[in-house]
Amino acid sequence: MTVNYYPGASRAFDYSKKYDGDPIDPNCGVLHTTEGTSLPSYGGGASAPNITIKPNIAKKTLEFHQHYPFNRSARALVNAAGGVETNTNNVVQVELVGTCDARHKTTWNGAKAGVDYIYWPDAPAWALDGLAAFLAWQYKNNGISLTGPSMWLSYGKDSRRPGVTPASYGNSPARMSFAAWNSFKGWCGHQHVPENHHGDPGDIDFATLIALAKEKAKITNGGGSTGGGGNTGSKPKPTPPFPGRDKFGPGKSNGHITLLGQQLVRKGFGDHYTNGPGPKWSDADRKNVADFQRSRKELRGDADGMPGPLTWKLLFS
């Protein structure tokens, strides 16, 4: 049985009495970005998702506003005639207040990213953590598996709106076929849904998001679509794949750095952090990695503080 409401979510903008929707048995979810900085009106519910997640940056927390229960279809997707079902295809729809447009990566009409709004491809650790907690809750309560596409294209425009490439708008390589959509289980983005042309949520750090969600759900068996809390036995947690050396170092900012820092703290190598791990590479990250490298004989000859595949493997083992 579906658990219909997320704990603590506001229902001040519940539109279910106005738009009844179709009954669904959720087995997948779609992530959107609102491309705005405030809670949308959604035309009085006519284009609303199941739930909107609004960052409270001052408090470093996420606020949840539920518009439809999770066992009723929402209305945020295009559903063209004669193709496949979108809104009614057992999908939970989630809008993230903020942007994925690289033109607003640092500033937006005088506002500053990370201070006034969130640029979701570089989401701060606390925001990614809160979103991961929501995905873990959906896995444990409604069986939506913690899996999804490997391709998340950066937010781009179609030929009518030239801009950032690669284009996540329109008929991009990320867009699912009808058959793929009908069989899909897990989490995807608006950019993946057929019959739609929007490209959100861009190149959000999905790998880190899912790794965090699996950790919160205490999954040690890969996070299949069977639901429940996952295997909580003695099997070791899977090592997240090494994202590449280019994700670390001065000037880098991403969720992989947050994940690295959190694991360093768990292993007892977080002494150089003053404010905790975060997505922006710092000298504290380098020093903590170097401390870990010096603690392992396999790494002592190259304790430069920069994570490589072996450092990553040993750190997460």
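Author: The axes discussed below are lines fitted to C-alpha atoms, for helices over the stretch in contact, and the angles between them run from 0 to 180 degrees between N-to-C directions. The model is a predicted one. Two packed helices are described by the angle between their axes and the distance between the axes.

The 12 residues of H5 should span 16 Å at 1.5 Å a residue, and its end C-alpha atoms are 17 Å apart, which agrees. H5 is mostly covered, with 10 of its 12 residues buried. The buried residues of H5 are Gly 255, His 256, Ile 257, Thr 258, Leu 259, Leu 260, Gly 261, Gln 262, Gln 263 and Leu 264. These buried residues pack against four helices, namely H2, H4, H6 and H7.

The packing of H5 with H6 may be taken next. The axes of H5 and H6 lie 10 Å apart, and the two helices pack at an angle of about 50°. Angles under 35 degrees count as roughly parallel and those from 65 to 115 as roughly perpendicular; H5 and H6 are therefore oblique to each other. In passing H6, H5 makes a left-handed crossing. On the H5 side, Ile 257, Leu 260 and Leu 264 take part, and they meet Asp 285, Asn 288, Val 289 and Phe 292 of H6. An α-helix has 3.6 residues a turn, so residues three or four places apart point the same way.

H6 itself comprises residues 283–295; these 13 residues should span 18 Å at 1.5 Å a residue, and the end C-alpha atoms are 19 Å apart, in agreement with that value. Buried within H6 are Ala 284, Asp 285, Asn 288, Val 289, Ala 290, Phe 292 and Gln 293. The partners of these buried residues are helix H5 (255–266) and helix H7 (309–315).

H5 also packs with H4, at an angle of about 35° and with the axes 8 Å apart. The crossing of H4 and H5 is left-handed. Here Ala 207, Thr 208, Ala 211, Leu 212 and Glu 215 of H4 meet Gly 255, His 256, Leu 259, Gln 262 and Arg 266 of H5.

H4 in turn packs with H2, with axes 8 Å apart and an angle of about 55°. That angle makes H2 oblique to H4. The crossing of H2 and H4 is right-handed. From H2, the residues Leu 128, Asp 129, Leu 131, Ala 132, Ala 133, Leu 135, Ala 136 and Lys 140 are involved, and from H4 they meet Thr 208, Leu 209, Ile 210, Leu 212, Ala 213 and Lys 216.

In soluble globular proteins, nonpolar side chains tend to be buried together. The largest nonpolar core in this model has 52 residues, and those with the most contacts inside it are Val 94, Trp 120, Leu 131, Phe 134, Leu 135, Leu 146 and Trp 187. At least two residues of this core come from each of strand E2 (51–56), strand E3 (61–66), strand E4 (91–96), helix H2 (125–142), helix H4 (206–216), H5, H6 and H7. H2 gives the most, with nine residues. Val 94 touches Phe 134 and Trp 187, and its other contacts beyond four places in sequence are Val 30, Leu 31, His 32, Pro 49, Ile 51 and Ile 53. Apart from this core lies another, of 10 residues, among them Leu 77, Val 84, Trp 181 and Cys 188.

Pro 201 is found in the loop between strand E7 (186–189) and H4, and a cis peptide bond, with omega about 5°, joins Asp 200 to Pro 201. Pro 194 lies in the loop between E7 and H4 as well, and Pro 194 is buried, at 2% relative accessible area. Beyond its neighbours within four places in sequence, Pro 194 is in contact with Val 84, Thr 86, Arg 175, Met 176, Ser 177, Phe 178 and Trp 181. The C-alpha atoms of Pro 194 and Trp 181 are separated by 7.1 Å, although the two residues are 13 residues apart along the chain.

How values were computed:
Residues are numbered from 1 along each chain as its sequence is written. This is a predicted model: local features need pLDDT of at least 70, side-chain atom pairs count only at pLDDT 80 or more; totals for chains, interfaces and linings use all residues. Side-chain values use heavy atoms; hydrogens and water are left out. The expected span of a helix is 1.5 Å times one less than its number of residues. Buried means under 20% relative accessible area, exposed over 50%, partly exposed in between (1.4 Å probe, protein chains only). Contact means heavy atoms within 4.5 Å. A nonpolar core is a set of buried Ala, Val, Leu, Ile, Met, Phe, Trp, Tyr and Cys residues joined through side-chain atoms within 4.5 Å. Angles under 35 degrees count as roughly parallel, over 145 as roughly antiparallel, 65 to 115 as roughly perpendicular and the rest as oblique. A crossing is left-handed if the near helix is turned anticlockwise from the far one by less than a right angle, and right-handed if clockwise.
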